[in-house]
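Hello,

Here is the structure I said I would pass on. My notes on it follow below.

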Amino acid sequence: LLVGQDRRILVDTTTRLTWVLVGLWVTALGAGSVAALFTANQGLKPLTSLTRQAERIASGRRFNERIVAVKSGDEVARMSEVVNKLLATVEETLERHREFLADTSHELRNPLLAVQANIELLDRIDDPNERSECLHEAREQVRRMTRLVSELLLLARADEGLILDRRPVALAPLARQVAREAQRHAHGQAIEVAAKEDCIVSADEGRIYQIMTNLVNNALQHTPSGGRILLRLRHQDGEAVLSVEDTGDGIPPGDLPHVFERFFRRTNSGDGSGLGLAIVKHLTQVHGGRVEVESNLGEGTIFSVWLPSNPSVGSMPPHPAGIV
């Protein structure tokens, strides 16, 4: 028994269904592409705005401006916050550099003018004593400029990241050496040392020497003849403490918050460069320590440097005097 059935209806139906599915797929792909493009454009608008604002700020060097972004809490908003922090850092750095350059120019101009004036006077003076006085003043101004340039170079290196040659350093012999050298330049002030022999730190000996020297020179500058300067070393709370105490004129309360700023001079200051205490602060911080100041006007001042102690190190032989 043979039974036959026409399959054209089934084939036509399958063909139409295939074309319908292809059409739906193409339509869905096109709609999806359009939706994706629209979504991407909407999502990139904040990023595009951020880029344009950043380009405008960079091209105009207007680092005091800030990026304005929608506080959406997404990655773009967080990026705008990071860019604003970066702009604030750049603005602060540029402002500090401008102030530093202006202060440096001012500090160098005065001794240069003094040297020039004394050299010009030499051509007009015949008296040997007066000529000798002019030469002496010129030499003093040259020494002042040399010291200033050295301090500026040290601060520049500190900003870039000072490399320390750390080793166990016995502070007592170093303090006595600083006191002996400072006594030769004193003008009637007595310089004494009260040091514990076991005060040992892991530090750069040359930099610790510079910290002590700057503090003692600062005390000499503000202590009158007949006064007393004491270098004291002790242990406290697991740290080595270096104190320089003087019986000088003290620091006015309004000046205390600024004594470690570069080029700052006290109200009753002499002719220092205004960099010595700033160097002390920098060198102390790179050693992982801190520096504090206490002062009573008319009675004296105490500068205290706190350094991480190194109690595991045994007795130390004194280092040679040739410290850079």
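In which hand does α5 pass α6? The model is a predicted one, and in it the crossing of α5 with α6 is left-handed. The contact involves Arg207, Gln210, Ile211, Asn214, Leu215 and Asn218 on the α5 side, and Gly276, Leu277, Ile279, Val280, Leu283 and Thr284 on the α6 side. Sorted by class, the residues in this contact are six nonpolar, five polar and one charged.

Two packed helices are described by the angle between their axes and the distance between the axes. Here the helices are α5, residues 205-222, and α6, residues 276-286; their axes come within 9 Å and cross at roughly 150 degrees. Angles over 145 degrees count as roughly antiparallel, so α5 is roughly antiparallel to α6.

On the burial of α6, the buried residues are Gly276, Leu277, Ala278, Ile279, Val280, Leu283 and Thr284. Just after α6 comes Gly288, which has a positive phi of about 80 degrees.

Next, the aromatic residues. The count is one aromatic pair. The ring centres of Phe260 and Phe303 are 6.0 Å apart and the ring planes stand at 85 degrees; planes over 60 degrees apart count as edge-to-face, so this pair is edge-to-face. Phe260 sits in the loop between β5 (239-246) and α6, while Phe303 belongs to strand β7 (residues 300-308), so the pair ties together parts 43 residues apart in sequence.

- Asn296 is in strand β6, which covers residues 290-296. With 47% relative accessibility, Asn296 counts as partly exposed. Asn296 and Pro253 lie 43 residues apart in sequence, and the C-alpha to C-alpha distance between Asn296 and Pro253 is 8.3 Å.
- Asp237 is in the loop between β4 (228-236) and β5. Asp237 is not a glycine, yet has a positive phi of about 55 degrees. At 69% relative accessibility, Asp237 counts as exposed.

That is the list so far.

Regards

Terms used. Residues are numbered from 1 along each chain as its sequence is written. This is a predicted model: local features need pLDDT of at least 70, side-chain atom pairs count only at pLDDT 80 or more; totals for chains, interfaces and linings use all residues. Side-chain values use heavy atoms; hydrogens and water are left out. Axes are lines fitted to C-alpha atoms, for helices over the stretch in contact, and angles run from 0 to 180 degrees between N-to-C directions. Helices (H or I, at least four residues) and strands (E, at least two) are DSSP runs, numbered from the N terminus. Angles under 35 degrees count as roughly parallel, over 145 as roughly antiparallel, 65 to 115 as roughly perpendicular and the rest as oblique. A crossing is left-handed if the near helix is turned anticlockwise from the far one by less than a right angle, and right-handed if clockwise. Contact means heavy atoms within 4.5 Å. Ala, Val, Leu, Ile, Met, Phe, Trp, Tyr, Cys and Pro count as nonpolar, Asp, Glu, Lys and Arg as charged, and the others, Gly among them, as polar. Rings of Phe, Tyr and Trp (its six-membered ring) pair if their centres lie within 6.5 Å; planes under 30 degrees apart count as stacked, over 60 as edge-to-face and the rest as tilted. Buried means under 20% relative accessible area, exposed over 50%, partly exposed in between (1.4 Å probe, protein chains only).
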